[in-house]
Amino acid sequence: MKNLKKVLGIGVVAAASFFIVAADHIDAPAVQGGSSDITDFYAFQGENTNNLVFVANVQGLISPSASADAVFDESVLVEINIDTNGDNVEDLVIQAIPRDGKMYFFGPVAPSQTGLNSTIATTAVNTGWVDITAYGEAAVTETNTMGMTFFAGPRDDPFFMDFAQYSAIIGGTANGFNDPGADTFAGTNVMSIVVEVPKSMIGGSGTINTWVESKKK
Amino acid sequence: MKTIKRISVVFALSCLVFNCSTDDDNNTMMENQPDFSGTYRQQDQMGRPAVNTVFVSSASKDAFNVTIPSEQNAAFQSMFQTNLEALSPAYANADDKNALMLDAATFTGLLATDVLNVSLDGITTFYDGTNVLTGRALADDVITVELLLIFGGEDFSENPQLSNDNVSANDKDFLSSFPYLASPW
């Protein structure tokens with residue numbers, strides 16, 4: 001059964017790659033299918049409700065057979081942006097950058113400049129790193145002295161959608177969704193970065209606006 | 001100056017190694033400190049799910065990814081509205097609204113600034129029937145929520161064949177503890 005699912009998963013990947021894909025997977029010509037292609041972004045309260053969890057996923061639709069060879073690109077910075085005062089300009093960033101099998105984290109810290117270009121905040125007080133979990137290995141996590149917890153490595157793509165049918169509708173070859181639908185992302189993996197951070201480090205209370213960027217050297 | 005910066009980084013990192021890692025490779029860290037120099041230029045960005053995919057015209061998808069959020073509304077709201085009205089019959093009449101009581105202009109005004117609003121005070125969900133846009137949890141059926149807001153009209157009853165993709169959960173269970181995402185296939 002598992003093997004059949006894997007085979008089906010691979011077939012789905014091949015089919016899906018012909019379309020412009022979903023949550024943010026393969027969203028634009030300049031990034032699609034590349035190492036800086038963001039697939040998804042999540043922000044939610046942690047198991048410890050004093051913490052917020054950020055999930056940034058890149059490189060979508062990785063088949064199980066390709067997952068052992070999937071790597072983070074050392075030239076790509078993943079930057080979580082946090083606006084704490086409602087002007088949609090980042091007041092804090094959390095930067096994640098891989099080096100030699102480890103994912104390094106800098107922030108939350110005020111960026112040296114806002115906007116499209118970033119330098120890595122190596123003087124940040126809040127830092128950490130975690131060994132990038134290898135495919136097939138149990139998740140490796142680290143918690144730093146400030147109470148931040150880190151993970152980086154391949155995970156199941158948490159996104160779900162009948163994207164193939166959506167594409168058929170948009171393409172004019174179908175009039176509606178099927179019931180039940182078919183999850184186009186079933187059986188596929190992503191490269192995932194997970195950071196859990198005390199809420200007190202990102203504003204404490206109220207509402208933040210947040211978004212993720214990939215930036216290339 | 002650069003040397004001082006590097007030393008302080010090594011110090012900070014080695015503190016971490018000392019405090020919380022099981023493999024005490026302090027010395028390795030000191031000898032092989034990574035190079036973090038240089039300027040990193042934006043390639044992709046995302047706040048809410050599927051916004052660039054659904055609302056941005058093909059020729060503008062790269063431009064949307066390199067427009068900072070505070071400038072996205074001015075640059076893209078009218079395109080979003082045009083595309084929404086072309087996509088969905090639920091906004092055919094001037095007084096049509098979605099279930100959030102937002103008309104096409106107001107709804108696309110919200111979406112064009114592609115940031116995720118997140119509450120630090122409690123439940124974090126894209127939409128759970130009560131709370132709206134207070135975050136995005138892994139299990140949230142964000143696509144059906146968006147389809148309902150795009151196609152479902154004032155009471156989620158319009159265009160039922162378009163307003164739910166009938167995939168309402170992930171193919172693997174999420175974890176209740178860090179790192180929350182399921183292990184890879």
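The model is predicted: local features need pLDDT of at least 70, side-chain atom pairs count only at pLDDT 80 or more, and totals for chains, interfaces and linings use all residues. Residues are numbered from 1 along each chain as its sequence is written, chains are lettered from A and ligands numbered from 1 in the order written, and side-chain values use heavy atoms, without hydrogens or water. The largest cavity holds about 130 Å³ of space. The largest nonpolar core has 84 residues.

**Chain A overall**

- Chain A contains three helices and 11 strands. Helices (H or I, at least four residues) and strands (E, at least two) are DSSP runs, numbered from the N terminus.
- The order along the sequence of chain A is α-β-β-α-β-β-β-β-β-β-β-α-β-β.
- Chain A has 217 residues, and 60% of them count as buried. Buried means under 20% relative accessible area, exposed over 50%, and partly exposed in between, with a 1.4 Å probe and protein chains only.
- Take the contacts in chain A between residues at least 6 apart in sequence: 58% join residues at least 24 apart. Contact means heavy atoms within 4.5 Å.

**Strand β11 of chain A**

- Strand β11(A) spans residues 207–216, and eight of its 10 residues are buried, so the rest of the structure largely encloses it.
- Two strands pair if DSSP finds at least two bridges between them.
- A:Glu213 has bridge partners on two strands: A:Glu79 of chain A and B:Gln45 in β1(B).
- A:Thr207 stands opposite B:Ser119 in β2(B).

**Helix α3 of chain A**

- Helix α3(A) covers residues 163–170, and six of its eight residues are buried.
- Those buried residues are A:Phe163, A:Gln165, A:Tyr166, A:Ser167, A:Ala168 and A:Ile169.
- Helix α3 of chain B is part of what covers them.
- After α3(A) comes A:Gly172, with a positive phi near 85°.

**Nonpolar cores**

- In the largest core, of 84 residues, A:Phe54, A:Ile202 and B:Phe80 touch the most other members. A nonpolar core is a set of buried Ala, Val, Leu, Ile, Met, Phe, Trp, Tyr and Cys residues joined through side-chain atoms within 4.5 Å.
- Strand β2 of chain A (residues 51–62) gives the most to this core, with eight residues.
- Beyond neighbours within four places in sequence, A:Ile202 contacts A:Leu52, A:Phe54, A:Ile82, A:Thr84, A:Leu92, A:Pro108, A:Val197, A:Ile208 and B:Leu120.
- Another core, of 12 residues, lies apart from the largest one; among its members are A:Ile97, A:Tyr104, A:Ala121 and A:Trp129.

**Cavities**

- The whole structure has five cavities of 30 Å³ or more. On a 1 Å grid over the protein atoms alone, a cavity is a set of points where a 1.4 Å probe fits but cannot get out; lining residues have an atom within 4 Å of a point. Grid points are joined across faces, edges and corners, and a volume is the space filled by probe spheres set on the points.
- The largest cavity, about 130 Å³, is lined by 16 residues, of which B:Phe107, B:Leu111, B:Phe126, B:Leu133 and B:Leu149 are closest to its centre.
- Helices α3 (51–55), α6 (104–112) and α7 (142–151) of chain B each supply at least two residues of that lining.
- By class, the lining of the largest cavity has 14 nonpolar, no polar and two charged residues. Ala, Val, Leu, Ile, Met, Phe, Trp, Tyr, Cys and Pro count as nonpolar, Asp, Glu, Lys and Arg as charged, and the others, Gly among them, as polar.
- The second largest cavity has about 70 Å³, and its lining includes A:Met161, A:Tyr166, B:Ala50 and B:Glu146.
- Helix α7(B) gives the most to this second lining, with five residues.

**B:Glu146**

- B:Glu146 sits in helix α7 of chain B and, at 11% relative accessibility, counts as buried.
- Leaving aside neighbours within four places in sequence, B:Glu146 contacts B:Pro49, B:Ala50 and B:Phe126.

Terms used
On a 1 Å grid over the protein atoms alone, a cavity is a set of points where a 1.4 Å probe fits but cannot get out, and a pocket is an open set with protein on both sides within 12 Å along at least five of seven lines; lining residues have an atom within 4 Å of a point.
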